[in-house]
Amino acid sequence: MEQTTRISPEELVARARALVPLLAERAAQAEAELKVADEVIAALQEAQLFRVMQPKRHGGFEFGPKVFAEIQQTLAEGCMSTAWMYGVVAVHPWQLGLFPEQAQQEVWGEDASTLIASTYMPVARVTEVEGGYRISGRWGFSTGCEHCDWVFLGGNITPGAGKGNSYRTFLVPKSDFRIERNWDVIGLRGTGSHDIVVEDAFVPFHRTHATQQHDDAANPGRELNNAPLYRVPFAQMFIPAVSNACLGGLAAAIQHFKDYAKQGISKNVGMRTVDDPNAQLAYARAVVAHEQMVENRKRHYEVQMSYAERGEAAPVNERLRQRYQLAQVANECAHHINELLRCCGATGTYRSNPLTRIFLDVFTGRAHIANNVDLFGRAFGFIALTDQTTTDSFL
């Protein structure tokens with residue numbers, strides 16, 4: 001098993017910061033090619049950023065979600081598509097650490113830098129056979145799949161069942177799936193979130209994971225990967241990965257707007273943008289909102305890890321509150337970037353305006369099911385008002 005040289009979380013974040021100019025330089029290429037450039041993937045690998053939550057036994061650092069989030073938010077200041085792709089793919093080593101050791105060896109035994117894509121849509125057609133399952137299906141939205149040698153695929157082992165105890169993640173090698181390049185969208189184009197097609201592939205039992213179950217029996221990897229990190233429930237670990245990039249995008253938009261305002265003349269009101277009261281207010285609100293969301297996210301991670309260190313799951317109300325607050329992030333970021341663009345006037349409509357790509361990327365990110373603010377707001381409100389408990393999988 002590969003061992004990495006121990007470095008500090010600060011060093012990993014610094015490596016991410018150093019890559020921001022490269023990501024910004026390659027952002028247009030990623031958008032045009034519908035994939036993050038190979039050069040960028042190589043740079044992320046060289047910086048060892050994908051290993052942030054990978055088990056130490058397999059060459060990782062086992063740093064917590066707080067470090068992971070800071071890296072992802074930093075990368076998003078250069079390119080949101082790259083950061084989104086990084087966030088989704090870099091959380092997978094954490095999940096693989098929950099699989100049986102045999103599966104971990106199959107993926108990382110020869111190369112600990114091997115990457116895994118995913119699409120957790122529960123659409124697999126599953127038949128149980130001796131030693132495992134045969135699965136078929138077509139899954140959408142597999143971010144970064146062209147850079148990955150394996151993929152996590154969702155499905156229910158009981159036909160017609162909800163996610164619950166029937167839901168599984170199936171780990172499938174590249175030889176057993178094909179990619180349909182159909183990712184043609186308005187934003188986050190560089191994520192390359194194409195479809196995955198599987199036709200009657202065999203998946204042995206050891207390459208499946210009862211993703212929505214939190215007990216040790218359902219997560220056999222904890223026997224060897226026993227750090228508290230691997231006791232955080234799946235949803236609390238994965239869901240932030242699809243909004244962290246929005247926070248980094250908002251940070252970049254704030255800086256771009258500040259640079260523009262210093263030299264821009266608002267043709268709408270006939271004054272310098274820095275003197276425009278509406279621009280001043282939009283900027284102030286965006287800065288404060290960003291700071292509040294970042295600090296709130298840090299609190300989430302502290303709460304998650306404090307429970308994990310005690311071997312417990314956070315109370316239902318706490319988890320639902322976090323889910324609602326996480327879902328709000330993309331919506332809030334979209335609102336503030338929209339206000340900054342509005343203060344650019346007609347100049348803000350040019351594709352050459354750096355806020356334009358961020359605007360489209362955040363609005364696309366907002367469409368992810370995990371960022372459905374109304375859904376999770378209603379769920380939190382209902383549970384909190386009725387003092388009920390639930391074991392639903394979205395927690």
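The crossing of H8 and H11 is left-handed, a term used where the near helix is turned anticlockwise from the far one by less than a right angle, with right-handed used for clockwise. In this predicted model, local features need pLDDT of at least 70 and side-chain atom pairs count only at pLDDT 80 or more, while totals for chains, interfaces and linings use all residues. Residues are numbered from 1 along each chain as its sequence is written, and side-chain values use heavy atoms, with hydrogens and water left out.

Two packed helices are described by the angle between their axes and the distance between the axes. Helix H8 (residues 244-263) and helix H11 (residues 354-365) pack at an angle of about 160 degrees, their axes lying 10 Å apart; axes are lines fitted to C-alpha atoms, for helices over the stretch in contact, and angles run from 0 to 180 degrees between N-to-C directions. That angle makes H8 roughly antiparallel to H11, since angles over 145 degrees count as roughly antiparallel, under 35 as roughly parallel, 65 to 115 as roughly perpendicular and the rest as oblique. H8 contributes Cys-246, Gly-249, Ala-252, Ala-253, His-256 and Phe-257 to the contact, and H11 contributes Pro-354, Leu-355, Ile-358 and Val-362, where contact means heavy atoms within 4.5 Å. Of these residues, eight are nonpolar, two polar and none charged, with Ala, Val, Leu, Ile, Met, Phe, Trp, Tyr, Cys and Pro counted as nonpolar, Asp, Glu, Lys and Arg as charged, and the others, Gly among them, as polar.

The strands, like the helices, are DSSP runs numbered from the N terminus (helices H or I, at least four residues; strands E, at least two). Seven strands form an open sheet with mixed pairing in the order S5-S6-S2-S1-S3-S4-S7, two strands being paired if DSSP finds at least two bridges between them. Strand S5 (178-180) and strand S7 (208-209) are the edge strands, each pairing on one side only. S5 pairs with strand S6 (residues 194-204) in the antiparallel sense over three bridges, and the bridge partner of Glu-180 in S6 is Asp-195.
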